[in-house]
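This briefing is for a reader who is new to the structure shown below. A few lead sentences come first, followed by points grouped by topic.

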Amino acid sequence: ELPFAESFKIKMVETIRRSTRAEREQWLKEANYNLFNLKSDQVFIDLLTDSGTGAMSDKQWAAMMTGDESYAGARSYYNMKAAIKNILGFDHFLPTHQGRAAENVLFSVLVKSGDIVPGNSHFDTTKGHIEFRKAKAVDCTIDEAFDTELDHPFKGNVDLVKLESVLTTYPKEQIPMIIITVTCNSSGGQPVSIANLRAVKQLADKYGIPVCYDSARFAENAYFIKMREEGYQDKSIKEIVKEMYSYADMATMSSKKDAIVNMGGFIAMRDEELWKKASTYNIMFEGYVTYGGMSGRDMNALAQGLDEGTEFEYLETRIKQVEYLGEMLHEYGIPFQKPVGGHAIFVDAKKILSHIPKEEFQAQTLGCELYLEAGIRGVEIGTILADRDPETRENRYPELELLRLAIPRRVYTNNHMEVVAAALKNVFNRRLNIKHGFKIIEEAPIMRHFTVHLDKI
Ligand code: F0G
């Protein structure tokens, strides 16, 4: 059998530069040991995020050229509307400049102080927008998700017992929606099975609560359903996506992921009344309802991206690259969340740096070491990101301390993946020589990870 190869060829390239260890030490210090503060030119392989960092296709760039920049009723808006209807099946939508803006607009209508919003490990901006409104996000993810060595095909699944207990504890009026994140970023880019999505919808209907999908990586979720779930092998990704969304009442999407655009997002829903209410906030925060923070060309590229992003060959190329990196790390004995996620590898920093106290930020420490080793930038998904408890102001220590290596779509080659694996192996082999972590010098009251200043202990 022939080896696997990518389902694209490359038409345009961008130069990246290696640096010396001495340069990186200086730059990291100047960045206050916060990888967000580095200039991208100081990074060789940038795995900070897969969000907005993908390479658009020739067809997407062509769509950019035919964008309609009319303020109201632009052709590009109708292209985006048709793509959302075709692929997700929703009649109504509002464009927003990105995912968190969609959350802001939708939650302005639905979430009020004292509310409870159950879900599967809400993403940090989602949780931020819930907590900002003095409501509470309750994590109902299955326990298996928190054991990184356990191989489970759907670690993004909702524990239905945990969910039902929330639905019986609080009155319906206090639960504006259930949010299911597909794939679940916070648990390691892990998918939710179609059986679980169906069961959540049945429970939601029983208690009269709407279901919202946080859809950033919905297509990767559908790929995993096709590969891992009984009865879905012969279905197309688009058929699977259609079924997934038949169990949702509404959706928010950061389109910077699976629609492979650099900026953009939306809210989609079945209920016209909700659309009307959300329109008011969209006009206030984002822009008029037919552009909502996006230019016409960007809406066009997004529509094209939704179609391409739900093609099997594209998804296979993408996820096989993440798996390739995972296989190398596995061979080197480096612990990470298994199985590999759709968009990233989540390295288990708690296991690697178990000799460093959690108060010194293990995942952040590992991230800084990997940068120093080879100019590779990952991101901490641990205590710094988990922020302080809004009431007690104490640090929250999450169950997992992870260093996420997110792979941008269609950007790096497998040679880059080999460099990443080799660099992480070097750090792993010298882990016991890493004696200390970091302390916080300065932090913002909410979402501190973006701007925090750290210093060596
Ligand atoms: N929901 C999920 C599951 C996400 O992963 C993100 C963003 C958002 C919502 C918010 O979307 O960035 O467009 O405002 N995740 C990025 C990441 C930032 O790096 O994982 P946004």
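**Overview**

Helices H6 and H7 lie roughly parallel to each other, because their angle of about 15° falls under 35 degrees. The model is a predicted one.

**Helices H6 and H7**

- Helix H6 covers residues 160-169 and helix H7 covers residues 194-207; their axes are 11 Å apart.
- The crossing that H6 and H7 make is right-handed.
- On the H6 side the contact consists of Leu160, Leu163, Glu164 and Leu167, and on the H7 side of Ala199, Val200, Leu203 and Tyr207.
- Sorted by class, this contact between H6 and H7 holds seven nonpolar residues, one charged residue and no polar ones.

**Helices H8 and H9**

- Helix H8 (residues 218-228) and helix H9 (residues 237-246) have axes that come within 9 Å and cross at roughly 110°.
- H8 is therefore roughly perpendicular to H9, as the class for such angles runs from 65 to 115 degrees.
- From H8, the residues Phe218, Ala219, Ala222, Tyr223, Ile225 and Lys226 meet Ile237, Ile240, Val241 and Met244 from H9.
- The contact of H8 with H9 comprises nine nonpolar residues and one charged residue, with no polar residue.

**Helices H1 and H14**

- The axes of helix H1 (residues 21-30) and helix H14 (residues 362-374) cross at roughly 145° and come within 7 Å.
- H1 contributes Arg21, Arg24, Glu25 and Leu28 to the contact, while H14 contributes Cys368, Tyr371 and Leu372.
- In the contact of H1 with H14 there are four nonpolar and three charged residues, and no polar ones.

- E11 and strand E12 (residues 402-406) run antiparallel and are joined by three bridges.
- Glu380 has Leu403 in E12 as its bridge partner.

**Around the ligand**

- There are 15 residues around the ligand, and Thr49, Gln98, Gly99, Arg100 and Ser254 come nearest.
- Helix H4 (99-110) and helix H5 (124-132) are the elements that give two or more residues to this shell.
- The shell around the ligand has 10 polar, three charged and two nonpolar residues.

**Backbone details in loops**

- A cis peptide bond leads from Val182 to Thr183, with omega near -20°.
- Thr183 sits in the loop between strand E5 (178-181) and H7.
- Another peptide bond, from Lys338 to Pro339, is cis with omega near -5°.
- Pro339 belongs to the loop between helix H12 (312-331) and E9.
- Asn32 is a residue other than glycine with a positive phi, near 55°.
- Asn32 is placed in the loop between H1 and strand E1 (45-46).

Note on methods:
Residues numbered from 1 in each chain as written. Predicted model: local features only at pLDDT ≥ 70, side-chain atom pairs only at ≥ 80, totals over all residues. Near = placed C-beta within 6 Å. Helix = DSSP H or I, 4+ residues; strand = E, 2+ residues; numbered from the N terminus. Nonpolar A, V, L, I, M, F, W, Y, C, P; charged D, E, K, R; others polar. Axes fitted to C-alpha atoms, helices over the stretch in contact; angles between N-to-C directions. Contact = placed C-beta atoms within 7 Å. Pairing = 2+ DSSP bridges. Parallel < 35°, antiparallel > 145°, perpendicular 65-115°, else oblique. Left-handed = near helix turned anticlockwise from the far one by under 90°.
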